[in-house]
Amino acid sequence: HDAVVVGTIAALTVTQIFYSPRPEPIDARYSLPRPADAAVDGDWVRVGAHRIRGVLQQRDAAVAAAHR
């Protein structure tokens with residue numbers, strides 16, 4: 001983990017490595033637990049050479065989109 005804190009604002013970097021022994025792609029959903037009063041202004045994931053930018057939504061909208 002890496003964090004930079006200025007006043008009440010923190011910028012965090014979380015590095016996790018996932019390895020799947022299966023040769024076929026998997027469908028996955030990633031959820032990062034956080035306090036109820038926390039705010040997120042962006043996120044991205046690096047998969048191999050690809051960088052995927054997350055789409056931020058209110059919880060209800062995100063849950064509905066995930067179930068489509």
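## Elements and overall form

Helices and strands are here DSSP runs, a helix being H or I over at least four residues and a strand being E over at least two, and they are numbered from the N terminus. In this predicted model, the protein chain has 1 helix and 4 strands, and from the N terminus on these elements follow the order β-β-β-β-α. The radius of gyration of the protein chain is 15 Å, well over the 11 Å that the globule rule gives for 68 residues, so the chain is more spread out than a compact globule.

Along the principal axes, the C-alpha trace of the protein chain spans about 45 × 30 × 20 Å. Buried residues make up 0% of the 68 residues in the chain, a share that rests on a cut-off of under 20% relative accessible area.

Strand β1, which covers residues 2–6, runs antiparallel to β2 and is joined to β2 by 5 bridges. Two of the facing positions can be named: V4 in β1 has A11 in β2 as its bridge partner, while V6 has I9 as its bridge partner in β2. There are 2 residues between the strands of this hairpin, and within the hairpin G7 takes a positive phi near 65°.

Y30 and V45 are 15 residues apart in sequence, and their C-alpha atoms lie 9.9 Å apart in space.

Both residues return in the description of the largest pocket, which is lined by 46 residues, with Y30, S31, L32, D43 and V45 lying nearest its centre. Two or more residues of this lining come from each of β2 (9–13), β3, β4 and α1 (59–66). The largest pocket holds about 3000 Å³ of space, and by class its lining comprises 27 nonpolar, 11 polar and 8 charged residues.

## The salt bridge

The structure holds 1 salt bridge, in which the side chains of E24 and R22 meet at 2.9 Å, taken from N to O. The two partners fall into separate accessibility classes: E24 is partly exposed, because its relative accessible area of 37% lies between the cut-offs of 20% and 50%, whereas R22 is exposed, because its relative accessible area of 54% is over 50%.

## Helix α1 and the segment after it

Helix α1 contains V63, which counts as partly exposed because its relative accessibility is 37%. Although V63 and A49 are 14 residues apart in sequence, their C-alpha atoms are 28 Å apart in space.

The segment after α1 is the place of R68. R68 counts as exposed because its relative accessibility reaches 78%, and its C-alpha atom is separated by 15 Å from that of V55, a residue 13 positions away along the chain.

Note on methods
Residues numbered from 1 in each chain as written. Predicted model: local features only at pLDDT ≥ 70, side-chain atom pairs only at ≥ 80, totals over all residues. Heavy atoms only, no water. Salt bridge = Lys/Arg side-chain N within 4 Å of Asp/Glu carboxyl O. Buried < 20%, exposed > 50% of the residue type's maximum accessible area, 1.4 Å probe, protein only. 1 Å grid on protein atoms, 1.4 Å probe; cavity = no way out; pocket = protein on both sides within 12 Å on 5 of 7 lines; lining within 4 Å. Points joined across faces, edges and corners; volume = space filled by probe spheres on them. Nonpolar A, V, L, I, M, F, W, Y, C, P; charged D, E, K, R; others polar. Rg over C-alpha atoms; globule rule 2.2 N^0.38 Å. Pairing = 2+ DSSP bridges.
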